[in-house]
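Please keep the sequence and the structure at hand while reading.

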Amino acid sequence: MPRLAAAAAVSRRAGEALRRGAFGGLRPLSSLQPLNAASSDEVLVEGKTSARAAVLNRPGYLNALTTTMGARLNKFYQSWEDNPDIGFVMMKGSGRAFCAGGDVVRLHELISEGKLEECKDFFKTLYMFIYFLGTYLKPHVAILDGITMGGGGGVSIPGTFRVATDRTVFATPEVHIGFHPDAAASFYLSHLTGHVGEYVALTGEKLNGTDMIALGLATHYFMSGHLDLIDERLAKLVTDDPSVIDSSLAQYGDMVYPDKKSIVHRLEVIDKCFSHDTVEEIVDALCSGLLVNLVRFKTKFRHNQESEAASSNEEWCILALKRLKEASPLALKVSLRSIREGRYQTLDECLVREYRMSMNGISKQFSHEFCEGVRARLVDKDFTPKWDPPALEYVTNDMVDAYFAPLGDSEPELKLPIESREAFV
């Protein structure tokens, strides 16, 4: 989301908040009063003069989200939105990560133990919070310092401001664990320029903070060593005005420019390859591009700059093909359709559909892919998953349709409070 769109959305939120009486004149608070003294330490709270910061605090697990964390975030954010003394809200992570996503290893264990209801609670709680964040009436600042993957994007990107740093590593790598980019990824990825969303979703490509700024996934950039300055600055703000927060962030922000390896130099070839209707056609386009680049590279009398560009594109095509080959064939086809549908859906529609897909993804019919992917990458770490089906040609349209199928009367769909909380973007 570009910064201007985010600012416009928050202006509308602020207007709605004034109509509802959510802001009552902001008064400095001398100390933080905990909501629940006996609550878990997995989400800590920092008090500012006119703000609150939720700190994801599972550093040993890269702040991977649990159901308990999702419930605490819902509770805190509801309380803070209703509190007239609080002007804006922040979210940060402990250690070397902002948030590596959902705790998929725990989900793997629950599925193996047959505890599907607990899995459902996890997705329902997380998606409810993401919708709450996407409709939040107060400005929100997420500090994406470190690893920010999967659900980490979900609990930050739908908010107002996202601060990337030189330590930020962003990705949606779900296809490599036999799943689909969820937690609102089909919404925000599909709204990126051209077909970058398809590329990021299908390859799990890692983006740095500079790339996030260039694509609009982040709104501001800081060197990690300078975060104390912005923390000190925000601590002194007594405001609920997003433009004031934006100006403060911009005043202390660092200027960065994409390097030669940046994704911004690949936008044309990404659109050319990832605009095709099927994963098979995308693979063919990458293979064709690889052959063309090899021919150009070997042609005599080429300028050094052109040869360098051909070599660079060759490496990019090889790496993209390698990542596609490593992913679950079923997950690739499901994820491509999800991104394409997300392009024409609202935030709530994407979350409802993603919940349906996630429920089907952990069902008996499809859970093998997810469990096998998590086993191979995060449990046994042998990196040799046995996908089923094993190749793209064996993934039928019926299989993909079944992944998107309604849950039925016995399994309720995700119910979001869309009547009382309308998504602005």
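Two strands pair if DSSP finds at least two bridges between them. In strand 9, the bridge partner of Val169 is Asn208. Val169 belongs to strand 8 (residues 169–171), which pairs with strand 9 in the antiparallel sense over two bridges.

**Overview**

The model is predicted. Its mean pLDDT is 87, and 84% of the residues reach 70 or more. Two stretches stay under 50 in pLDDT: residues 294–302, with seven contacts beyond four places in sequence, and residues 305–310, with six such contacts. Where pLDDT is low, the predicted coordinates should not be read in detail.

The protein has 425 residues, of which 53% count as buried. Its secondary structure comes to 17 helices and 10 strands. Among contacts between residues at least 6 apart in sequence, 76% join residues at least 24 apart.

Another open sheet is formed by six strands in the order 1-2-3-5-7-10, and its pairing is mixed. Which strands stand at the edges of this sheet? They are strand 1 (43–47) and strand 10 (220–222), each with a single partner strand, so one side of each has no neighbour in the sheet. On average, neighbouring strands here are turned by 20 degrees against each other, direction ignored.

| Strand pair | Sense | Bridges |
|---|---|---|
| Strand 1 and strand 2 | antiparallel | five bridges |
| Strand 5 and strand 7 | parallel | four bridges |
| Strand 8 and strand 9 | antiparallel | two bridges |

Strand 1 and strand 2 form a hairpin with three residues between them. Within this pairing, Glu46 stands opposite Ala53 in strand 2. In the pairing of strand 5 with strand 7 (residues 161–165), Val141 stands opposite Phe161 in strand 7.

Helix 2 (residues 67–82) lies across strand 1, strand 2 (51–56), strand 3 (88–93) and strand 5. The helix runs at about 175 degrees to strand 2.

**Leu144 and the cysteines**

Leu144 is in strand 5 (residues 140–144). Is Leu144 buried or exposed? Its relative accessibility is 0%, so Leu144 counts as buried. Beyond four places in sequence, the contacts of Leu144 include Phe98, Ser156, Val163 and Met212. Leu144 and Cys99 are 45 residues apart in sequence, and their C-alpha atoms are 8.2 Å apart in space.

Cys99 is buried as well, with a relative accessible area of 0%. Cys317 counts as buried at 1% relative accessibility. A disulfide is a covalent bond between the sulfur atoms of two cysteines. The cut-off used here is 2.5 Å between the sulfur atoms. The closest cysteine sulfur to that of Cys317 is in Cys273, 5.5 Å away, which is too far for a bond. The count of disulfides comes to zero.

In soluble globular proteins, nonpolar side chains tend to be buried together. The largest nonpolar core in this model has 96 residues, and those with the most contacts inside it are Tyr77 and Leu286. Helix 4 (residues 116–134) gives the most to this core, with 10 residues. Apart from it lies another core, of 15 residues, including Phe88, Ile143, Phe222 and Leu227.

Tyr77 is in contact with several residues beyond four places in sequence, among them Ala54, Val89, Phe129, Leu133 and His140.

**Backbone positions to look at**

Most residues other than glycine have a negative phi, and most peptide bonds are trans. Leu62 is not a glycine, but has a positive phi of about 55 degrees. Leu62 is in the loop between strand 2 and helix 2 and counts as partly exposed at 21% relative accessibility. Ala183 also has a positive phi of about 55 degrees without being a glycine. Ala183 lies in the loop between strand 8 and helix 6 (185–188) and, at 1% relative accessibility, counts as buried.

Where is there a cis peptide bond? One joins Asp388 and Pro389, with omega at about 5 degrees. Pro389 lies in the loop between helix 16 (367–379) and helix 17 (397–403).

How values were computed:
Residues numbered from 1 in each chain as written. Predicted model: local features only at pLDDT ≥ 70, side-chain atom pairs only at ≥ 80, totals over all residues. Heavy atoms only, no water. pLDDT = per-residue confidence, 0-100. Contact = heavy atoms within 4.5 Å. Buried < 20%, exposed > 50% of the residue type's maximum accessible area, 1.4 Å probe, protein only. Core = buried A, V, L, I, M, F, W, Y, C linked by side-chain atoms within 4.5 Å. Axes fitted to C-alpha atoms, helices over the stretch in contact; angles between N-to-C directions.
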